[in-house]
Amino acid sequence: MASSMIHLAITNQIINDLQVKDIERLRLGCILPDGAIHGNGHLKIRVYNETRSTYDFESFRERFGERMKSDDLYLGYYLHLVQDVFYRYFVYSEHNWDPLPSGNVEKLHRDYELTNEYVAKKYHLDPDMIQPLDLSGEPILMVAEFDVRQFAANIRKQFQPVNSNEECFFFTRDMADEFIERAAKLCRKELSDLAEGKEGMNSLEWSWVRHT
């Protein structure tokens with residue numbers, strides 16, 4: 001999955017394409033799936049006799065499609081899923097990422113830490129963008145449980161500079177810029193398709209081979 005800073009940057013890139021009603025709900029929604037403490041925050045499912053995995057876009061649209069039109073929290077949440085499934089394609093298929101060797105996942109997360117400051121500055125992000133909104137009674141709680149206050153605090157910490165001269169292991173600044181640009185374009189297309197009454201992204205078409 002992409003880092004929260006990357007999701008915030010993509011949202012900032014497409015914000016002028018949206019009729020934003022509540023920017024705080026949009027920004028929380030665009031990172032919220034990563035804050036699930038119980039449940040299936042990414043609506044991840046297995047398909048093709050459990051040989052592949054994907055995110056259940058159809059289920060989300062069926063349950064929250066109308067709400068997405070009027071509530072930016074749900075729109076942001078959906079766009080997070082769009083960005084994450086594209087991220088998997090970007091790093092696995094295009095850049096041949098292999099998570100299986102020991103330590104690779106931890107090194108990738110370190111790359112996120114090393115690129116966060118760069119992304120925040122370039123895409124005009126700041127920690128005050130993340131507000132721990134009260135989600136009591138929200139329908140999204142049928143999907144997963146969230147500790148929003150702790151999650152928001154954790155994201156704000158990611159804005160702290162990392163005093164290190166380390167080189168990125170895999171996910172570089174150039175990759176971050178390329179992904180943000182292309183993911184923003186994909187989000188714009190998805191929003192346009194939905195506005196025109198088209199079905200939107202197909203879960204099966206975006207599925208990936210499960211690692212065992």
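Which residues does Phe60 touch, not counting residues up to four places away in sequence? A few friendly notes follow, with that one answered at point 3.

1. Please bear in mind that this is a predicted model, where local features need pLDDT of at least 70, side-chain atom pairs count only at pLDDT 80 or more, and totals for chains, interfaces and linings use all residues. Residues are numbered from 1 along each chain as its sequence is written, and side-chain values use heavy atoms, with hydrogens and water left out.

2. Helices here are DSSP runs (H or I, at least four residues), as are strands (E, at least two), numbered from the N terminus.

3. Back to Phe60: its contacts (heavy atoms within 4.5 Å) are Leu43, Gly65, Met68, Tyr74, Tyr77, Tyr78, Leu81 and Ile140.

4. Leu43 lies in the loop between strand S1 (36–39) and strand S2 (44–47), and has a phi near 50°, a positive value. Most residues other than glycine have a negative phi. Leu43 counts as buried, at 6% relative accessibility; the cut-offs are under 20% relative accessible area for buried, over 50% for exposed and partly exposed in between (1.4 Å probe, protein chains only).

5. Tyr48, in the loop between S2 and strand S3 (52–55), also has a positive phi, near 50°. Tyr48 is partly exposed, with a relative accessible area of 45%.
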